[in-house]
Amino acid sequence: MISTCLPEYFVVPSSLADQDLKVFSHSFVGRRMPLWSWSHWNGSALVRMALIRDVLQQRKIDQRICNAITKSHPQRSDVYKSDLDKTLPNIQEIQVAFVKLKQLCVNEPFEETEEKWLSSLENTRWLEYVRAFLRHSAELVFTLESKRVSVVLQEEEGRDLSCVVASLVQVMLDPYFRTIPGFQSLIQKEWVMAGYQFLDRCNHLKRSEKESPLFLLFLDATWQLLEQYPAAFEFSETYLAVLGDSTHISLFGTFLFNSPHQRVKQSTEFAISRNIQLGDEKGLKFPSVWDWSLQFTAKDRTLFLNPLYVGKSTPCVQNGAVKSFRRTKKTYSSTLRRVPAAFKNGVIDREFLPRRNSFTSQAKPDPLPQADSQDGGMERFFREWFSRPADLHGVLLPQVSGTHVKLWKLCYFRWVPEAQIDRGGSITAFHKLSLLADEVDVLSRTLRQHRAGPLEACYAELDHSRMYFRASGPHDTSGTPDYLSSSFPFSPVGNLCRRSISGTPLSKFLSGAKIWLSTETLANED
């Protein structure tokens, strides 16, 4: 094993021999060798690695790694290295910003902060940091997509900031990661298996000095993209909020450990001490957070679906027959397939790349790198992108001006009674869209099944609906239910209600369950 904080299997450039990897690994912080994340259709690659701590060997090893990445590119393109430690806020700054945000949204009496609330929000710097990650990720999208250059994300340990940036870049470039299965596989790949330190960063043991909400920041940045391009994502903001809550549930092994190796080691030692037979299993088998049925009913899980989402195929009726227009490889991207030519959306402002310390005021773009300032390549790329209609199954770029980066109200305001809007908020639009989507689904099923019976009969098949809110019949004109509020489904009448911001109820799952391991077991960690 090269490193205990790397997955058991990972991808490296083929020109690097196994012996080279073993020799070079000792020179990296945490022995974290370059880790392949994703390949673009044009041959450019996204790679993550830690810093080289051996100063004497730094230049030699760095040259060897870059040459290996270059050889793997069809056009032998150069490699662009992004030093995240110098470009982005560190984990301590992000933690300080989140503590201030939590204090503002949850702990302080709302009536005492209402008059200066916007300035207090700006002073937390949380939105500034979200904007910084979105902006830098968009710049790397330009490097991979337009310049066709491979990108190496480098930071001290290679398992914090790079998790956020690598994930955001892939969400922007690859539509597969904007689906629920794709998004979950992305988190599993770039966070869980790549050694993100959930135990320390989430402070499960309540004694970590390295606590930092990087995963929540990633979910917040993803929500910003969802808010700007709602039809491009299969999941809803409720799904993102529940996913963030799940990191605080210590029953699931997914977000409990610092690495897969630690999960196996600690759980095996615990099993041996309790005389638990493991059989062929590597460590104790924990419930997976991705099995949402352990937490929510089938109907509740429909709240995870975005009624505006446009899938890979669009059914239509032509001459009485139902057909589907399917996108070909050239217009659909997966992890190893092509990203289509850009048909983009949005109106570009002069402040489309604002200063990092700007919250609401207009600002000019930050100075571009010297290589790009000569021909304005990056600026031209962004302007051309925003001047065209969006291809929801192509590249997405965020608007990062102060007016476009917003506070994620459902996530941060759901515990503030004074901030609730009865029969208001985004849930009202979600309700209407769900009714419309459900009605369209019913009509589609009717056409597919060629039923001769009355149309209303199809509305009785509630089990077939993918929407939480369901149409009672054709042209349903029902108003907004009285129980809806801006915090739904986390309001007291919603089934996803939490008693606190730190967790999710699992009463049904815990009933009769036998939990072998808890976070207290990890207190004796080496």
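In the predicted model, the secondary structure of the protein chain comprises 19 helices and six strands. The chain has 526 residues, of which 54% count as buried. Its accessible surface amounts to about 25,000 Å², and carbon and sulfur atoms contribute 51% of that area. Among contacts with a separation of 6 or more, 74% link residues 24 or more positions apart.

Strand β2 (residues 45-50) pairs with two other strands. Its pairing with strand β1 (residues 35-39) is antiparallel and rests on four bridges, with W38 having L46 of β2 as its bridge partner. The two strands form a hairpin in which five residues separate β1 from β2. Within this turn, G43 adopts a positive phi of about 105°. Strand β4 (residues 150-155), by contrast, runs parallel to β2 and is joined to it by five bridges. In this pairing V47 stands opposite V152, and R48 stands opposite L153. L153 of β4 also stands opposite S82. Strand β3 (residues 79-83) pairs with β4 in the parallel sense, again over five bridges.

Both β2 and β4 are mostly covered. In β2, six of six residues are buried: A45, V47 and M49 point one way, L46, R48 and A50 point the other way, and all are buried. In β4, six of six residues are likewise buried. S150, V152 and Q154 lie on one side of β4 and V151, L153 and E155 on the other, so that both faces of the strand are covered.

Helix α8 (residues 161-173) has 13 residues and spans 18 Å from its first C-alpha to its last, close to the 18 Å expected at 1.5 Å a residue. Because 13 of its 13 residues are buried, α8 is largely enclosed by the rest of the structure. Helix α13 (residues 260-273) consists of 14 residues and reaches 20 Å between its first and last C-alpha, close to the expected 20 Å. The buried residues of α13 are P260, Q262, Q266, S267, F270 and A271. These residues lie on the same side of α13, because they cover an arc of only 155° around the axis. The elements that cover them include α9 (180-192) and α10 (198-201). I272 and S273, on the other side of α13, are exposed. The helix is followed by N275, which has a positive phi near 55°.

In soluble globular proteins, nonpolar side chains tend to be buried together. The largest nonpolar core of the model has 95 residues. Those with the most contacts inside this core are W126, F183, W191, F218, Y239, L243 and W408. Helix α7 (residues 126-145) gives the most to the core, with 12 residues. Apart from this core lies another, of 15 residues, among them I2, F24, F28 and I69. When residues up to four places away in sequence are not counted, Y239 touches I180, F183, Q184, W290, W292 and F304.

Key. Residues are numbered from 1 along each chain as its sequence is written. This is a predicted model: local features need pLDDT of at least 70, side-chain atom pairs count only at pLDDT 80 or more; totals for chains, interfaces and linings use all residues. Side-chain values use heavy atoms; hydrogens and water are left out. The expected span of a helix is 1.5 Å times one less than its number of residues. Buried means under 20% relative accessible area, exposed over 50%, partly exposed in between (1.4 Å probe, protein chains only). The arc is that of the directions from the helix axis to the C-beta atoms. Contact means heavy atoms within 4.5 Å. A nonpolar core is a set of buried Ala, Val, Leu, Ile, Met, Phe, Trp, Tyr and Cys residues joined through side-chain atoms within 4.5 Å. Accessible areas come from the Shrake-Rupley method with a 1.4 Å probe; for residues, only the protein chains shown count as cover. Two strands pair if DSSP finds at least two bridges between them.
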